[in-house]
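Okay, thanks for coming, everyone. I'd like to walk you through one model today, strand by strand. Have a look at the screen first.

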Amino acid sequence: TWSLIHPTAPSLLTTANIDGSAGDDLIVNFPGQGVWAFKNNSIWALLHGFNADLIVAGDIDAPTGPDDLVIGFPGLGMYQYANSSTWTQVHTFNATRGAVGDLDGGGREDLILDFGTGIGVFSLVNGITWSQIHGLPSEGLAVGDFNGNGRDDVAIDLGSAAGGLWMRSD
C-alpha cells in the first residue's frame with residue numbers, strides 16, 4: 001500500500017538508521033527547508049536548516065552503533081552528523097559524489113568522496129587521514145567487496161571520454 005508521507009518533493013533522499021532503532025530512517029533534503037529525517041516510520045525531525053547537495057550514510061565513527069550522515073552544504077563543505085547529535089566538519093571542499101565502505105577490512109566504514117575536476121576522489125580511512133585514490137573526477141562511484149577478500153573495493157565510472165569503468169581492489 002502506498003501512502004503520502006510528505007507533500008513536498010525532496011531533492012535528495014537516502015536511508016540510514018541514525019537513531020539505533022529497529023528500522024531505518026528516511027533522510028531527505030526538502031528544497032528551501034533543509035535536511036529532515038522521517039524517523040521510525042512516524043515522525044519528521046529537522047536535522048539541519050540548510051539545503052544539502054549530497055547526503056552519504058554509514059557508520060563512519062565506530063564499528064557498531066547508529067549510522068552517521070555526511071552531508072554537503074553548498075559552499076560550506078562536508079559535515080558529519082554523528083550519533084544523531086553532533087555536527088563536525090570533515091572537509092572544507094564540497095563533494096559531487098560519495099560512498100562508504102570498509103576499505104581496510106578493519107570493521108569501520110570509511111568515507112569516499114569525489115571532490116570533482118582538478119581534485120579527484122579521496123578516502124578518509126578510519127576517520128584519520130585523507131588519501132587520494134584517483135586524480136580524475138567520477139561520473140559514478142560504487143563501493144563493495146567485489147573480490148570477496150573482506151575489504152571493500154571502489155568502482156569509478158570515468159566516462160567514455162576519460163577511459164571507462166575502473167576498479168580499485170586492495
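Quick housekeeping. This is a predicted model, so local features need pLDDT of at least 70 and side-chain atom pairs count only at pLDDT 80 or more, while totals for chains, interfaces and linings use all residues. Residues are numbered from 1 along each chain as its sequence is written, and side-chain values use heavy atoms, with hydrogens and water left out.

So, β10. Why do I call it largely enclosed by the rest of the structure? Because 5 of the 5 residues of β10 are buried. In a regular strand the side chains alternate between the two faces of the sheet. Here, Asp 110, Ile 112 and Asp 114 point one way, Leu 111 and Leu 113 point the other way, and all are buried.

Now, who sits beside β10? I'll say two strands pair if DSSP finds at least two bridges between them. β9 is joined to β10 by 5 bridges, and the two run antiparallel. On the other pairing, β10 (residues 110–114) and β11 (residues 121–125) are antiparallel too, over 4 bridges. Asp 114, for its part, stands opposite Val 121 in β11.

The hairpin of β10 and β11 has 6 residues between the strands, and in it Gly 116 takes a positive phi near 90 degrees.

Zoom out a bit and you get an open sheet of 4 strands, in the order β9-β10-β11-β12, with antiparallel pairing. Which strands are on the edges? Those are β9 (97–101) and β12 (129–134), each pairing on one side only. On average, neighbouring strands of this sheet are turned by 25 degrees against each other, direction ignored. For that angle, axes are lines fitted to C-alpha atoms (for helices, over the stretch in contact), and angles run from 0 to 180 degrees between N-to-C directions.

Let's go back towards the start of the chain. Another open sheet has 4 strands in the order β1-β2-β3-β4, again with antiparallel pairing. Its edge strands are β1 (12–16) and β4 (43–48), and each of those pairs on one side only. Neighbouring strands here are turned by 25 degrees against each other on average, direction ignored.

Within that sheet, β3 (residues 34–39) pairs with β4 in the antiparallel sense over 5 bridges.

Then the loop. Most residues other than glycine have a negative phi, and most peptide bonds are trans. Asn 40 has a positive phi of about 50 degrees although it isn't a glycine, and it is placed in the loop between β3 and β4. Asn 41, in the loop between β3 and β4 as well, has a positive phi of about 55 degrees, and it's not a glycine either. How exposed are they? Asn 40 counts as partly exposed, because its relative accessibility is 39%. Asn 41 counts as exposed, at 65% relative accessibility.

Next, β5 (residues 54–58), where 5 of the 5 residues are buried. Both faces are covered, with Leu 54, Val 56 and Gly 58 on one side and Ile 55 and Ala 57 on the other. β5 pairs with β6 (residues 68–73) in the antiparallel sense, over 5 bridges. Ala 57 has Leu 69 as its bridge partner in β6.

Last stop, Met 167, in strand β15 (residues 165–168). What does Met 167 touch, leaving aside neighbours within four places in sequence? Phe 146, Asp 153, Val 154 and Ala 155 are in contact with it, where contact means heavy atoms within 4.5 Å. Met 167 and Ala 142 are 25 residues apart in sequence and 9.3 Å apart in space, C-alpha to C-alpha.

That's my tour.

Conventions: Buried < 20%, exposed > 50% of the residue type's maximum accessible area, 1.4 Å probe, protein only.
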